[in-house]
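Dear colleague,

I am handing over to you the structure shown below, together with a summary of what was found in it. I would be grateful if you would read the two side by side.

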Amino acid sequence: METRYINSDLLIIGGGSAGCMAAIRAHELNPDLKITIFEKGDFKYSGSITRGMDALNVVSIPGLTTPELYVESMIKECQGIIDASPSYLMAKRSYDLLKKLEKWGVYFIHEKDGSYRTLKIHTQGSFLTAMEEPDLKTMLAQKVEQAGVKVFNRIMGLELLKEDKQVNGAVGIHTRTGHLIVCKAKAVIMTAGGLARFTLPNSGYLYGTFDYPGNSGDGYTMAFKAGACLTGMEHTERGVLIKDVNIPLLAVSITRGGKVLDALDSVIMEEGCSIYGYEGMVLAMEKGLSPLKIRLSHLPNEKIEEIEQILFTTERPIQKRFFKNRGIDFRKQDIELWTTEHQLCGGHGMSGLYINEKAESTVSGLYAAGDVAAVPKQHLTGAFVFGEVAAEQAVEFVKNRDKKIGLNSNQVNRIEKKRNGYFDSSGKEILVHELEYKVRRVIGDYVVSPKNVYKLERWLESSKTFKKELSQQVLARNGHELSRIFELENIILCADMSAKAGLARTESRWGRSHARVDFPERDDVNWLKHVLVQKEDNSSKAIVSYRPILNQLK
Amino acid sequence: MLIRDTNIKVDRDRCIACGICVDRCIMDNLRLSVSPCRQVCPLHINCQGFIRLLAQGKDQEAFEVLEEYLPFMSLLSLLCHAPCEKVCARKKVDRPVQIRDLYGYLFDQKLELSQIEEGISKNKKVAILGSGPAALMAEWCLKRSGYDVTLLERTEEIGGSLRIHMAESQNHHKTIQTLLDTIIATGVEIKTNIGTFDYNATCDLYDAVVITHQSDGDLSRLKEQNRLDAKRLQPDQITFQSADNKKIFICKEFSEELRLVNALANGKTIFESVKRFLTGVPLGWERGFWEAQGNEKSYMAPFEKAKHVRLKNKQLSDIGTREEVLQEAERCLGCGRPFDANQTCWYCLPCEIDCPHSAIEVQIPFLLR
């Protein structure tokens with residue numbers, strides 16, 4: 001199998017919302033820049049926003065809300081574990097972002113008086129701004145292609161190239177053929193998403209996850225192996241979604257008058273509540289009051305039609321078929337909700353690369369944006385804003401780094417050897433999806449809440465066995481299965497990081513996202529700080545360190 | 001291996017096995033099982049696709065399936081050795097579909113493309129030595145992508161070995177002349193009677209140079225004239241790039257040994273290589289028709305009867321009337337189809353949305369239904 005080499009000024013790993021925005025912005029700032037994107041799926045629709053979106057989740061509209069209020073609200077939602085500057089910057093730039101998108105033709109809903117339609121989902125302030133754009137991703141993809149950016153489809157990032165403490169590009173693998181591609185670059189922007197395939201969805205279907213299942217923690221592990229710090233890995237987050245199909249509808253329905261009820265019809269959540277108030281829902285379920293239900297039948301028909309219109313056309317239109325199959329009419333029946341798989345995500349949760357307000361990671365030449373970066377609950381706005389910020393910083397970085405960049409051929413040889421090892425099928429009989437099922441089931445048993453020392457340490461033991469099984473027993477019959485093996489390797493490594501961080505944080509915080517039964521109380525005296533995970537120099541071991549919260553606005 | 005439909009339902013009547021859904025899948029789930037006719041065609045022409053549309057009376061859409069090869073269609077209907085017909089699965093029922101005749105019929109309809117995309121000028125110059133089918137195919141594709149092309153021909157007129165066939169019949173003459181006129185109309189620069197081909201000077205003048213040659217005699221003359229040793233002109237087997245000078249691409253022309261359709265396929269290969277070379281994409285990346293493109297030959301669709309398949313045999317040898325064309329087209333079994341090879345569907349819908357013939361329906365996977 002041949003390995004191909006390419007050169008670029010800027011490499012973007014991941015062609016979703018953040019990656020597209022980074023490419024567009026970098027081209028705006030320097031049209032001569034050679035930009036390359038590694039995209040794991042097919043670029044036209046890839047990423048978590050496969051098609052479109054019903055809202056720009058965080059917009060601070062002048063005169064209505066302020067960036068300061070947003071930061072205040074976020075500090076509450078994150079129970080203090082959040083650096084103020086990145087979130088502040090995001091809110092500050094959000095209105096200009098909205099205007100830019102609108103200029104591109106993205107449709108935002110206006111009220112009769114001409115103002116934008118905003119909805120309240122945070123504890124304070126109406127930051128959610130209604131949008132109806134089923135073609136968001138295709139619009140972005142078109143812009144990127146017009147900019148002459150080279151997009152390589154079906155390339156999964158494997159490792160960042162590194163020499164002299166500088167990131168020099170990356171190695172990717174073709175998900176169909178198993179060929180390697182080596183891209184030398186003066187700067188890398190990581191936009192590879194979070195880890196959607198962490199524990200099993202309750203359906204047992206490996207790819208039936210809430211977030212795009214191609215997000216298998218590739219960005220986390222690539223950055224980890226390059227020595228970058230990750231934060232919030234102990235925040236193992238779990239959504240409450242439509243039972244079985246795992247599609248979100250909470251924000252859309254609650255903001256338009258829907259109610260969440262428990263099995264005995266007591267109201268748990270309604271309009272005006274923070275949708276981050278999962279706690280009440282989880283408590284009710286633990287008390288045996290599941291399934292929870294969303295009720296819309298009390299709403300006037302035009303409200304229900306509005307909700308249907310949004311749900312059935314923008315983010316995940318397939319749900320129309322789901323409800324039709326089940327014979328559910330929102331006017332008559334309730335919609336069952338259920339807790340589902342846990343995930344690690346910087347956009348919905350707070351796990352990912354530790355970045356500052358310049359989108360810089362802790363490694364020189366590596367920037368991050370979107371779900372892979374820990375700007376807590378940044379959603380789509382964060383992906384866009386930090387995509388732009390990362391591009392601005394990277395373009396500047398590339399300018400000051402015009403000497404020829406080297407290539408660590410030892411690293412490429414090592415990856416080739418590893419790939420060939422996985423591809424050698426002699427004596428192997430286990431199919432990759434079988435091991436993935438087992439791994440994710442055991443992550444669900446040991447790594448997520450309720451957590452305790454025994455369970456977390458037990459995972460670290462099991463993980464050693466899984467790694468051995470992965471390299472010695474699992475078959476790769478084709479390029480597709482080979483890339484699934486690399487994905488599984490990433491899932492296991494992310495679970496290791498999560499377990500290490502979970503062991504370190506000897507308190508309970510964020511409700512069920514980090515509940516230690518051996519340390520059931522929240523401890524603000526000792527634990528108002530980041531738990532960072534990074535690779536020990538010259539070994540592959542994950543070590544934990546701490547960093548104080550930066551409250552100061554920059 | 002047999003295909004099992006899980007949650008991706010394919011309407012075999014509408015599907016033309018174009019493979020767009022396979023490209024669009026963001027979970028690398030779908031694969032295209034390729035029909036035997038398309039498998040053996042050196043150009044990988046989607047015979048099944050245009051025949052299915054023809055059977056539905058959609059002549060214009062059928063015509064557009066063949067858009068890439070357009071000026072060469074009539075040539076193929078005359079001179080192609082039709083390997084597709086030799087492997088046609090319909091043989092198992094009665095006799096193969098007369099693919100070449102359907103080609104010819106479609107071309108005779110004098111249809112025009114509904115939309116002609118003009119390539120934006122790339123400001124790059126490509127010289128092509130020779131003007132036979134491979135050279136013309138490379139020229140047609142490069143020109144359409146916005147490159148400035150110059151044809152360098154040793155003799156007085158362009159056409160290369162096609163000129164020999166012009167003498168065969170009135171029809172041959174007319175068809176080949178129409179092709180040459182179409183090529184000239186693309187605005188290509190043509191230099192005939194070039195005499196000695198100056199290898200080094202041409203390389204200096206152009207961004208890429210394509211050498212097509214008919215016989216080994218052509219090649220040795222070239223070597224002699226420019227005092228090159230044989231090794232220098234050795235091209236890569238897949239990309240046709242010469243080992244000596246990355247700017248040079250060498251391929252063999254249509255000749256006694258090489259079939260016309262292979263020569264045209266060589267022209268396509270040259271086009272792809274030159275385009276990649278001039279835009280900085282690795283030449284060998286995702287090359288070939290199979291694995292990287294998501295095409296499969298080992299999986300075969302079970303013998304499935306679509307509504308449009310006419311099973312009753314009617315002996316036909318001459319396709320003249322429209323009625324006869326429809327009847328013949330309806331005989332195609334439609335072997336190729338997409339299928340969910342990896343069962344990693346996230347039910348996100350791009351395959352369905354981008355299907356030009358609304359042939360795909362994504363259902364909720366069974367475990368979640």
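How many bridges join strand 1 of chain A to strand 2 of chain A, and in which sense do the two strands run? The two strands run parallel and are joined by four bridges, strand 2 covering residues 35-38. Please note before reading further that this is a predicted model.

Strands of chain A

Helices of chain A

Helix 3 (residues 84-103) and helix 10 (residues 379-399) of chain A have axes that come within 10 Å and cross at roughly 90 degrees. On the side of helix 3 of chain A, the contact is made by A:Met90, A:Arg93, A:Ser94 and A:Leu97, while helix 10 of chain A contributes A:Thr381, A:Gly382, A:Phe384 and A:Val385. By class, the residues of this contact are four nonpolar, three polar and one charged.

The loop between helix 2 (67-77) and helix 3 of chain A holds A:Ile81. This residue counts as buried because it has 23 C-beta neighbours inside 10 Å, where 20 or more are required. Leaving out residues up to four places away in sequence, A:Ile81 touches A:Met350, A:His530 and A:Ile549. A:Ile549 lies 468 residues from A:Ile81 in sequence, yet the C-alpha atoms of the two are 6.6 Å apart in space.

Sheets of chain B

An open sheet of five strands in chain B has the order 5-4-3-6-7, with parallel pairing. Strand 5 (189-191) and strand 7 (248-252) of chain B each have a single partner strand, so one side of each is left without a neighbour in the sheet. From one strand to the next, the twist averages 20 degrees. Within this sheet, strand 3 (residues 125-129) and strand 6 (residues 208-213) of chain B pair in the parallel sense over four bridges; B:Val210 of strand 6 is the bridge partner of B:Ile128. Helix 13 (residues 260-279) of chain B packs on the sheet and touches strand 3, strand 6 and strand 7 of chain B, its direction making about 170 degrees with that of strand 7 of chain B.

A second open sheet, of three strands, has the order 8-2-9 in chain B and mixed pairing. Its edge strands are strand 8 (295-296) and strand 9 (337-340) of chain B. Strand 2 (residues 30-33) and strand 9 of chain B pair in the antiparallel sense over four bridges, and B:Arg31 has B:Phe339 as its bridge partner in strand 9 of chain B.

Core and interface

The largest nonpolar core has 271 residues, of which A:Met190, A:Leu230 and B:Val210 touch the most other members. Helix 14 (residues 479-504) of chain A gives the most to this core, with 13 residues. Apart from neighbours within four places in sequence, the contacts of B:Val210 include B:Ala138, B:Phe249, B:Ile270 and B:Val274.

Between the chains, 28 residues of chain B are in contact with 33 residues of chain A. The side of chain B that touches chain A has 18 nonpolar, five polar and five charged residues.

Yours sincerely

Conventions. Residues numbered from 1 in each chain as written. Chains lettered and ligands numbered in written order. Predicted model: local features only at pLDDT ≥ 70, side-chain atom pairs only at ≥ 80, totals over all residues. Pairing = 2+ DSSP bridges. Contact = placed C-beta atoms within 7 Å. Nonpolar A, V, L, I, M, F, W, Y, C, P; charged D, E, K, R; others polar. Axes fitted to C-alpha atoms, helices over the stretch in contact; angles between N-to-C directions. Core = buried A, V, L, I, M, F, W, Y, C linked by C-beta atoms within 7 Å. Buried ≥ 20, exposed ≤ 12 C-beta atoms within 10 Å, placed from the backbone.
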